[in-house]
Amino acid sequence: MNANLTLIVVASTLIGTGVYLILERSLTRVLVGLVMMGNGVNLLFMIASGPAGTAPIVGAGSGRMADPLPQALVLTAIVITLGTVAFLLAMAHRSWQLNEHDDVQDDVEDAAIRRLADLDEASDSHDLSLSATEADAATDEVYEEEGSS
Amino acid sequence: MVQLLLAHLVLAGLGPAAVALFGRRAFLLMLTAPLATLIWALSLTDRIRSGETIQQTWSWVAGLDFEIAFRLGTLQWLMTLVVSGVGVLVLGYCAYYFADDDPALPMFTGVFTGFAGAMLGLVLADDLLLLYVFWELTTVFSYLLIGADPEKRASRLAAMQALIVTTFGGLAMLVGMLMLGHEAGTHRISAILADPPSGDWTTAAVLLLLVGAISKSALVPFHFWLPGAMAAPTPVSAYLHAASMVKAGVYLVALLAPAFADVPGWRATLLGLGVITMLLGGWRAIRQYDIKLLLAFGTVSQLGFLLVILGIGTRAATLAGLAVLLAHALFKACLFLVVGIVDHQTGTRDLRELSGVGARMPWVAGAAAIAGASMAGLPPLLGFVGKESVLAALLDVAHTADGDGTGLASYAGWAVVAGVAVGSVLTVAYTLRFLWGAFATKTTCEPTAVTPVPAGFAASPVVLAAASLGLGCAGGWLTGVLGPQADTFPAGHHHTELALWHGWSMPLLVSAGVLVAGALLFSRRATFAQLQAALSPSRSAEGGYRAVMRFVDRSAVEVTGLTQRGSVATYLAVILLVVLAVPGTALLLELPDRITVDLWDSPAQAVVGALVCVAAFFTARSRRRLRAVILVGVTGYGTAVLFLLHGAPDLALTQILVETTSLVVFVLVLRRLPEYFTDRPLSRRRYLRMALGLAVGLAVAGFMLVATADRSVDPLSVLFPGPAVEYGGGSNIVSVTLVDIRAWDTMGEISVLVAAGTGVASLIFLDTRLAGIRRVRDIPYPATVQKLPTSPGRRVWLPGSRTLTPDRRSIIFEVVTRFIFHTVMLLSVYLLLAGHNHVGGGFAAGMVAGLALMVRYLVGGRYELDEAAPVDAGVLMGFGLFVATGSALAPLAFGGIVLQSAELTLHLGPLGEPHLMTSLLFDIGVYLVVIGLLLDLLRTLGARLDRQILREERAGEQAVRL
């Protein structure tokens with residue numbers, strides 16, 4: 001099967017530019033990049049489904065019909081993208097409300113773990129899990145007069 | 001057998017309810033399960049005595065050769081008696097030990113009964129994997145019982161320690177079981193024992209099984225978990241950590257010994273570790289002040305002793321070992337229960353504070369004395385009978401040429417005899433220390449206050465002590481019953497029998513010596529304690545455990561710190577780099593020599609494509625949010641045109657609708673965000689990002705070229721058109737695919753939409769899901785605004801726009817909206833109904849309706865939105881999901897399958913007889929969900945943000961006025 005070069009160029013441009021954008025810190029740019037990548041990926045389905053054809057409606061036209069299955073898959077993807085956009089925008093808004101910017105922050109917990117690693121220390125949960133019988137071990141060593149029967 | 005297991009399970013499930021009804025008397029209901037087991041086992045005595053075995057088998061997972069197989073032979077019968085008999089007595093004891101209002105009681109009752117069932121399953125299982133399942137069940141129940149008081153840190157830690165140690169052993173055992181099952185070609189234990197495999201793999205498998213047995217039975221170096229487990233309530237210690245669960249390892253060794261005792265490493269491991277454990281346990285028991293811990297270390301010592309005897313693998317030793325196994329269960333359970341009574345009635349277990357207790361509870365003290373005597377090996381008790389036979393069997397191994405058939409060298413045999421003898425001396429000494437410590441009257445402390453012991457409370461230890469005494473005199477009978485198991489080994493040097501009197505013999509001499517030495521050791525205890533203090537080692541196995549745990553934790557911290565950098569960009573970059581490195585390399589290696597491509601399907605494609613590429617380029621360069629959003633919209637619309645040119649009108653329609661909606665939603669939010677992205681200086685890392693983007697783009701192009709060129713088979717969907725019309729009842733194949741062929745996919749998708757809508761609402765509303773719909777007619781005019789009278793019959797274009805200030809209104813928009821709204825809504829209904837045969841469908845129709853609402857909102861403000869759709873968005877989405885799910889499930893009522901569609905012909909008289917597909921109902925559900933989502937977005941990102949902005953403006957004005 002021959003590939004459609006135009007669609008391939010368009011799709012890879014969209015995906016490449018999308019990659020450039022999603023590696024940014026600003027959540028809005030990440031979102032823009034995500035939408036763009038989504039469009040590119042949807043086009044990949046068209047490329048893979050073969051050459052253009054008539055609409056996949058029985059009896060609508062003569063000639064070769066375009067493959068309907070990838071279209072159904074992409075239709076789902078398009079609507080999901082809308083949900084993603086809305087949700088990420090709401091997150092960007094909330095982030096702005098709380099922090100006055102919409103930058104994606106580094107995870108605080110991960111930074112804490114890195115600090116522990118740098119200091120060669122064990123985790124907090126380990127400190128809580130030290131032995132239960134230490135107290136017994138301590139009394140073992142002491143000898144006391146036990147009295148007589 | 002399986003009925004008994006189920007009885008345990010059912011009662012365990014009823015435990016909490018029974019406690020609610022009967023309080024602590026619930027234990028009396030619980031004990032019926034082990035009682036039934038006990039009666040059943042006793043009724044089989046004669047058949048067991050004649051060497052019979054009883055089997056039950058069901059196939060479970062045939063593909064894995066996994067059977068539910070149970071088998072009751074002599075060994076299993078003995079273990080069943082111990083598990084159920086001690087279980088009955090301990091459960092009865094529990095009814096006195098606990099208080100009715102103990103908050104842990106409901107859980108405890110169920111878990112304890114469940115444990116009894118799991119233990120029973122463990123000893124009856126005849127399949128290695130089934131055995132493993134019950135083995136780990138006992139571990140888990142033990143964990144829950146040790147941690148019965150979750151508020152105490154010590155009990156949580158002890159529970160976790162026991163869980164980690166025994167699970168570690170259990171996992172090693174599982175590997176061993178799988179290896180053994182592979183070597184033998186079956187997981188049936190009886191089949192493996194009948195025809196044991198051999199070779200290096202088998203050796204490794206058996207040694208791994210021993211790791212499991214050793215960790216469960218608390219041998220060195222895993223012994224430390226058992227004293228820690230004493231954090232459990234005393235009945236648990238008596239049952240799990242003395243009589244039953246810790247015997248699981250002993251049971252496993254006894255079970256495997258007939259087939260695998262000659263495997264290299266078996267005897268070295270068990271005899272070596274066993275003797276060391278026996279000595280170490282006894283040594284530490286003598287140093288304890290807590291009488292419960294004293295017994296715990298005593299148990300460690302006795303478990304080592306048991307594994308030595310049952311690990312040797314001679315007829316005499318096995319017979320003796322089984323007797324000691326029984327004796328130990330009887331005396332140790334009794335002693336623990338006695339400790340529980342002492343603790344319960346005096347409030348302390350410290351032998352430095354206990355004085356004069358024996359005189360106040362003579363029955364309990366008497367039972368303890370008998371059990372203690374059995375432990376020390378005094379005639380005429382079962383412990384004595386067992387120990388005598390053990391010494392005889394060990395002496396046989398030591399002084400016969402080939403180690404009584406074991407091949408052990410003489411010096412090794414004598415070393416074991418010496419070790420066991422010294423261990424027995426320590427046993428006698430700590431037994432005396434226990435009895436003296438718990439019951440004697442001492443001069444160094446005041447007499448302890450003792451509350452009277454109810455008769456029922458003391459019953460269980462008294463019965464156990466009586467059994468020790470009674471069975472001690474029934475040596476001949478025991479020989480007969482336990483004989484079949486011992487006879488799986490070749491007859492040894494001499495034919496041992498269990499009896500109180502064997503005549504004047506070497507074992508009797510050793511026994512007498514041990515008793516004298518033990519008594520001497522106890523009387524010189526002050527000197528001995530000083531010696532112990534001087535010899536106290538600085539390192540312990542528990543310290544080793546702690547070091548291992550710390551090492552694991554430290555490694556986890558290092559690995560996490562190294563890999564989990566906490567930056568999304570880093571993660572994404574790593575993922576993309578892997579894409580480039582692995583599939584990318586494969587791509588380069590597999591590049592075909594020649595790829596033929598078509599430039600385009602039509603020149604229009606090239607024009608639109610160029611436009612999209614330019615828009616993408618400028619999007620990336622844009623520093624203003626709005627410009628970036630509009631440019632990405634251009635790429636979206638361009639994609640829609642490409643879809644259309646490709647022959648996908650449904651996609652094009654949906655893409656345009658979604659793109660338009662996204663644009664509006666973006667703008668609604670962007671009005672709250674800064675105009676420019678950031679004023680950070682451009683970092684040099686953007687060149688890295690550019691390079692990565694370029695590489696990924698190129699790789700994608702390469703993948704598509706190669707993949708498309710390689711494709712030679714017709715797509716699956718060439719089969720779609722016929723069935724789509726015939727069964728789906730629609731000629732638009734994409735629509736039929738969505739609501740019929742791949743309807744599950746659509747079902748999942750609308751669920752995601754509901755989740756996304758709810759997520760947005762929760763991020764914006766924060767506290768409630770309800771938007772609080774308010775109609776215009778309910779809003780009073782502000783005091784400063786005077787309503788002008790309108791001429792009668794004249795109506796406003798849009799009701800909600802009067803709530804806007806005049807500078808935000810546009811009369812032209814209002815008029816146009818008034819004209820087109822109903823038309824657009826009609827169009828959306830048409831798209832919904834026609835979608836099955838023409839372009840359209842639930843998604844597109846829902847988006848169109850949503851856009852109509854959006855226009856009303858943009859023109860007339862948030863109150864206009866409430867006028868247009870006076871319904872809560874969440875309710876609408878939920879109803880849509882309900883309709884879709886209902887139509888998916890409806891076919892079940894007519895004997896169909898989920899999401900099956902059918903054609904209905906309606907008889908409407910003069911209106912004709914339209915054909916309706918049931919999948920239309922599903923599509924209506926989709927339609928409602930999509931409208932609900934858009935309404936939700938308008939309510940949250942639109943109306944709610946409006947109010948926030950308004951409030952901030954008012955606050956600002958007030959601040960200026962002040």
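Author: Gladly! Let us begin with pairing: two strands pair if DSSP finds at least two bridges between them. Keep in mind that this is a predicted model.

Reader: What makes β1(A) and β3(B) a pair of strands?

Author: The count of bridges is 2 between β1(A) and strand β3 of chain B, residues 597–598. At least two are needed, so β1(A) and β3(B) pair. They run parallel, and A3(A) stands opposite V597(B) in β3(B).

Reader: Why are α3(A) and α33(B) called roughly parallel?

Author: Their axes cross at roughly 15°. Angles under 35 degrees count as roughly parallel, and α3(A) and α33(B) are therefore given that name. The axes of α3(A), residues 68–99, and α33(B), residues 743–765, come within 9 Å. The crossing is left-handed.

Reader: Which residues make that contact?

Author: From α3(A) they include V79(A), G83(A), F87(A) and R94(A), while α33(B) brings, among them, D745(B), L753(B), G759(B) and I764(B). By class, this helix contact has 12 nonpolar, 4 polar and 3 charged residues.

Reader: How do you know that two residues are in contact across the chains?

Author: Their C-beta atoms, placed from the backbone, must lie within 7 Å. By that test, 99 residues of chain A are in contact with 131 residues of chain B.

Reader: Which element gives the most to the side of chain A that touches chain B?

Author: That is α3(A), with 23 residues. Other elements giving two or more residues include α1 (5–22) and α2 (27–48) of chain A. This side of chain A has 56 nonpolar, 28 polar and 15 charged residues.

Notes
Residues numbered from 1 in each chain as written. Chains lettered and ligands numbered in written order. Predicted model: local features only at pLDDT ≥ 70, side-chain atom pairs only at ≥ 80, totals over all residues. Axes fitted to C-alpha atoms, helices over the stretch in contact; angles between N-to-C directions. Helix = DSSP H or I, 4+ residues; strand = E, 2+ residues; numbered from the N terminus. Parallel < 35°, antiparallel > 145°, perpendicular 65-115°, else oblique. Left-handed = near helix turned anticlockwise from the far one by under 90°. Nonpolar A, V, L, I, M, F, W, Y, C, P; charged D, E, K, R; others polar.
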